Amino acid sequence: MKIVILTGSPRKKGNSNYLAERFAQGAGEAGHEVFTFDCAKQNFKGCAACDFCGMNGPCSQKDDFTNILRPRLEKADMVVLVSPVYYYGLSSQLKAAIDRFYAMNGSTRDKKSALIVTMADTDDATASFSIDYYRALGKYLHWQNIGEIVGKGLWDKNDASGSLYADRAYELGKSL
């Protein structure tokens with residue numbers, strides 16, 4: 001299976017990126033092809049709402065999304081969204097990439113998916129908007145939800161290391 005992981009943390013060695021690495025390790029060991037696109041480090045912008053693409057065609061923007069991510073997303077069997085929870089939602093870096101799905105509306109459908117989010121808070125309600133958004137997006141795109149991991153109480157950038165959330169991310173990837 002071809003898996004694309006979209007990470008949205010501006011902290012290169014942060015908790016959500018660590019969980020993404022653990023998921024990728026498990027999936028790789030299970031024999032899957034994994035590609036990670038770091039939305040915070042790549043050169044692209046969100047959707048320009050120009051409708052050049054007609055909702056399922058070439059995008060007017062020629063950038064890392066178009067040149068690097070889009071071809072992989074089109075061939076992917078699974079999409080994994082990974083983000084810290086910022087002010088009750090996904091990071092703007094990840095959201096900008098998701099908004100660009102508009103230009104490839106048809107080719108992002110009918111895939112498997114997973115969500116991995118991290119947050120300093122321990123209140124489940126803090127992640128509820130991110131989870132609801134992911135589920136609504138998945139419903140629209142006819143995604144098969146394989147799993148959701150909400151890493152709670154992860155404040156410092158190394159808190160996820162050795163945590164039960166790291167084990168869960170690895171096991172989710174390995175179980176595919």
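Tutor: A word on geometry first: axes are lines fitted to C-alpha atoms, for helices over the stretch in contact, and angles run from 0 to 180 degrees between N-to-C directions. This is a predicted model, in which local features need pLDDT of at least 70, side-chain atom pairs count only at pLDDT 80 or more, and totals for chains, interfaces and linings use all residues. Residues are numbered from 1 along each chain as its sequence is written, and side-chain values use heavy atoms, with hydrogens and water left out.

Student: At what angle do α1 and α5 pack, and how far apart are their axes?
Tutor: Helices (H or I, at least four residues) and strands (E, at least two) are DSSP runs, numbered from the N terminus. Two packed helices are described by the angle between their axes and the distance between the axes. For α1 and α5, the angle is about 35° and the axes are apart by 6 Å.

Student: Is the crossing of α1 and α5 left-handed or right-handed?
Tutor: The test is how the near helix is turned from the far one by less than a right angle: anticlockwise makes a crossing left-handed, clockwise right-handed. By this test, the crossing of α1 and α5 is right-handed.

Student: By class, how many residues does the contact of α1 with α5 have?
Tutor: Contact means heavy atoms within 4.5 Å. On the α1 side the residues include Y18, L19, R22 and F23, and they meet residues of α5, among them Y165, A166, D167 and Y170. Ala, Val, Leu, Ile, Met, Phe, Trp, Tyr, Cys and Pro count as nonpolar, Asp, Glu, Lys and Arg as charged, and the others, Gly among them, as polar. The contact of α1 with α5 therefore divides into nine nonpolar, three polar and four charged residues.

Student: How much does the twist average from one strand to the next, and what angle does α5 make with β5?
Tutor: Within the open sheet of five strands, the twist from one strand to the next averages 15°. Helix α5 (residues 164-174) packs on this sheet and touches β4 (112-118) and β5, with its direction making an angle with that of β5 of about 165°.

Student: What is the handedness of the crossover from β1 to β2?
Tutor: A crossover is right-handed if, with the strands pointing away from the viewer, the path from the first strand over the helix to the second runs clockwise. Six bridges pair β1 (residues 2-7) with β2 (residues 33-38) in the parallel sense. Between them the chain passes through helix α1 (residues 15-29), and the crossover is right-handed.

Student: L6 sits in the pairing too; which residue is its bridge partner in β3?
Tutor: In β2, L6 has F37 as its bridge partner. β1 also pairs with β3 in the parallel sense, over five bridges. There, in β3, the partner of L6 is L81.

Student: How many of the residues of β3 are buried?
Tutor: Buried means under 20% relative accessible area, exposed over 50%, and partly exposed in between, with a 1.4 Å probe and protein chains only. In a regular strand the side chains alternate between the two faces of the sheet. In β3, M78, V80, V82 and P84 point one way and V79, L81 and S83 the other. The strand is largely enclosed by the rest of the structure, because its buried residues number seven of the seven.

Student: Which residues of helix α3 are buried?
Tutor: The cover over the buried residues of α3 includes β1, α2, β3 (78-84) and α4. Under it, in α3 (residues 92-99), lie L94, A96, A97 and I98.

Student: H142 has a positive phi; what is its relative accessible area?
Tutor: H142 is in the loop between α4 (128-141) and β5. Its phi is near 60°, positive although the residue is not glycine. H142 counts as partly exposed because its relative accessible area is 49%.

Student: And M55, buried or partly exposed?
Tutor: M55 is in the loop between β2 and α2 (64-75), with a positive phi near 80°. Its relative accessibility is 30%, so M55 counts as partly exposed.

Terms used:
Two strands pair if DSSP finds at least two bridges between them.
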